[in-house]
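Hi there,

Here is the structure I promised to pass on to you. Have a look at it first, and then read my notes below.

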Amino acid sequence: MNFIFFHITAASYLIATVIYIVYLFSHNDKVVKTANKILILSFLFHSITIISRGIEAGHFPFTNLHESLSIFSWMIVGVYLLVNARYHIAALGSFVSPLALLFLITASLLPKEIVPLVPQLESYWLYIHVPLAILGNAFFALSFLFGIMYLIQEHYLKSKKVGGLYFLLPSLDVLDELGYKFLTYGFPLLTIAMITGAIWSEYVWGSYWSWQPRQIWSLITWFLYAALLHGRLTVGWRGRKAAIYAIIGFMVLLGSFLIINLLSLGEHGFLR
Amino acid sequence: MEKIEKQEVKILQTIGDKIWAFFNSLKLTLTVLLSLAVVSIIGTVVEQGKPLEFYAKTYGERISSYVLTLGFHDMYHAWWFFTLLVFLAANIIVCTIDRFPQKWKASLEKRVDVAPQFIKNLGNSASFTVNTINGGDVFSVKNRVIEILKKKRYKIKNTDVSDGAAVFAWKGTAGRFGSDIVHVSLITILTGAIIGSFFGFKDYISINENETVNAPKSNFQVRLDKFWLDYYESGEIKQYNSQLTVVENGKDVLSKKIWVNEPLKYKGVWFYQSNYGMAYDRIKEARLVLKDKKKNQIIGEPFVVKWLEPFKIPGTNLAVNLAGFVSDFGFDEKTKQIYPRSPEHNNPAIQVIVYDNEKPISGPWLFLNYPEIFATIPNTNYDLIFMGYQGLQYTGLSMTKDPGTNIVWIGSIIMALGFILAFFIFNKKVWGRIQKAENGVDIYIGGMINKNKIMFEREFSEITACLKTEVTQK
């Protein structure tokens with residue numbers, strides 16, 4: 001049953017993405033409003049997909065890469081919808097929707113079987129740690145998108161050819177500030193995810209930290225974003241430098257997320 | 001003499017200053033953080049903590065010698081990784097100590113009376129004039145400014161100056177100290193980790209069912225009352241469970257069912273479900289039956305013999321005692337020793353001691369898979385057949401004691417608090433100045449925030465809009 005919803009969701013994201021791209025060329029506000037409505041609809045379908053899968057599995061569905069990627073994109077869209085209600089950055093949807101679609105397409109290519117929870121995962125921390133971690137990732141994803149938008153906008157300004165996306169994107173200052181703002185949500189969430197992961201690990205292995213690849217990579221990401229935050233706050237890494245850094249940071253995050261979750265599909269399950 | 005001493009002190013001071021300046025640098029912070037990020041990758045590429053031969057096999061002799069000298073095989077305990085952490089800690093401590101007093105002083109300072117030019121130069125500022133006809137006298141305008149700022153939950157100080165009044169409003173001062181609190185928490189966590197690595201230990205014990213074992217490095221025992229598995233309907237294992245009892249001075253003091261994710265804790269020592277299995281050298285009980293060799297017929301019902309509990313076979317003068325077990329029977333021709341080939345139950349065999357009127361007459365090994373290959377009771381008409389057995393479950397527990405853990409958790413809580421202050425509480429300051437003008441009053445208002453400028457722009461424009469409409473309407 002959840003597969004039917006999954007396909008409906010993916011199709012719906014595809015439609016939203018197409019309309020968002022049309023908007024980039026037409027600059028018509030009605031178009032973007034339609035696209036937003038369809039994205040909200042996609043989000044609802046996506047929620048139903050996740051809930052129905054959860055019911056079929058008998059537990060929250062984030063125990064393999066297919067499920068985590070699906071939830072990852074669901075959270076990115078969810079955060080976007082909240083942001084959009086507040087900041088009204090029309091062009092942001094044109095970046096979020098393709099990203100969500102890309103994640104879902106990747107998820108659809110991965111093994112989709114529902115597997116029962118391995119003993120190590122039978123814990124309430126599963127329901128606290130994993131959503132926090134993925135939510136943090138979603139904020140980093142948006143920070144990454146703002147970084148890309150910054151570079152695009154800067155490109156227009158530098159080449160002095162205003163046109164195309166120029167009028168749809170917010171000013172460089174706003175993009176920079178928003179990129180930072182999303183880091184300030186992502187970073188504490190990443191930290192809290194690491195702490196809750198440590199507590200969980202303490203209960204399962206008797207050690208809050210054991211230098212497992214998943215822990216090491218989260219620490220690497222943490223070091224990178226900590227450096228970015230300090231660079232921004234104190235040495236003045238703003239604008240272009242910060243944007244490029246946010247993009248690199250997210251690439252590292254996404255790469256380790258994919259690789260670790262693919263590797264840990266084996267006997268150890270989705271742990272840490 | 002005195003001169004030399006003074007010089008020495010001076011030299012020491014300059015060295016101290018230089019070290020302080022070295023660690024009091026944000027460039028160092030960035031360098032260390034990025035270095036830590038990069039070198040940590042090594043630990044995910046080179047497998048950690050394997051036996052030395054592994055590295056020679058994987059990387060070849062030459063490269064593996066580099067790997068081992070540089071400590072890449074155990075990099076999180078390597079001196080250079082430790083040095084980076086020490087640098088990070090020193091960097092955090094020095095930067096925090098260096099900046100804190102100034103910040104603290106600045107947060108206490110409340111300059112109310114500032115020049116209009118100061119207000120105009122602030123990140124956000126506005127100025128406008130209210131006519132006397134519209135109620136533009138200094139006192140009432142000041143009160144309205146205060147009212148509006150109070151509604152926005154600012155704390156306020158005001159004073160009357162020669163040609164008007166000055167107002168200073170502030171909130172979220174604590175937000176300025178968020179980063180300091182996060183730094184304190186990081187040092188706390190590092191301290192906890194160091195304490196754990198010096199005073200903690202890890203160990204492993206396995207306990208058979210109904211057996212009591214001394215807990216290593218502790219003054220109590222642990223008994224396994226029962227071990228069992230839970231299954232999903234599909235047949236996959238859902239959970240491993242052990243019912244454990246802590247025994248101290250011969251008394252049961254604590255009983256608890258543990259499973260993966262639910263350890264037992266006693267006197268700072270944690271016991272975790274780690275693995276399980278069947279004992280290879282003993283069993284719970286065996287099922288045997290007696291046979292009449294001549295008639296080739298089973299006599300009576302099969303009977304159950306418990307481990308090391310002599311059993312009298314009904315209707316005969318015979319008794320048996322179950323005294324030995326191997327899970328995978330092996331016989332060493334040279335030493336004439338019986339040994340288990342593996343812990344797997346591939347070829348289970350038991351040894352029973354047979355008594356005739358309480359006199360031992362034989363001690364044969366019986367095979368489950370190969371019954372009746374040897375005569376079991378010589379000089380009688382009887383034969384014993386090994387029909388089945390119930391193995392003895394053991395549970396594998398990992399044991400840890402880490403007195404630094406609680407410090408790490410305290411550090412984590414402090415860190416969460418620090419993040420809330422650092423990222424979600426903003427220090428906002430607003431200055432207002434009301435000055436008498438020719439036919440009314442001039443209002444100057446301006447403000448600043450330590451971060452999140454967009455948010456403050458919104459709030460500031462709300463304040464000025466409010467002020468404009470209110471003072472001009474009244």
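How many helices and strands are there in chain B? Chain B has nine helices and 21 strands, both being DSSP runs numbered from the N terminus (helices are H or I with at least four residues, strands are E with at least two). Its radius of gyration, taken over C-alpha atoms, is 41 Å, well over the 23 Å from the globule rule for 474 residues, so chain B is more spread out than a compact globule. That rule is 2.2 Å times the number of residues to the power 0.38.

Before going on, please note that this is a predicted model, where local features need pLDDT of at least 70, side-chain atom pairs count only at pLDDT 80 or more, and totals for chains, interfaces and linings use all residues. Residues are numbered from 1 along each chain as its sequence is written, chains are lettered from A and ligands numbered from 1 in the order in which they are written, and side-chain values use heavy atoms, leaving out hydrogens and water.

Now to the aromatic rings. Rings of Phe, Tyr and Trp (its six-membered ring) pair if their centres lie within 6.5 Å; planes under 30 degrees apart are stacked, over 60 edge-to-face and the rest tilted. Over all chains this gives 45 aromatic pairs. B:Phe220 and B:Phe271 are edge-to-face, because their centres are 6.3 Å apart and their planes at 70 degrees. They sit 51 residues apart in the chain. B:Phe271 is buried, at 0% relative accessible area (buried is under 20%, exposed over 50%, partly exposed in between, with a 1.4 Å probe and protein chains only).

Enjoy exploring!
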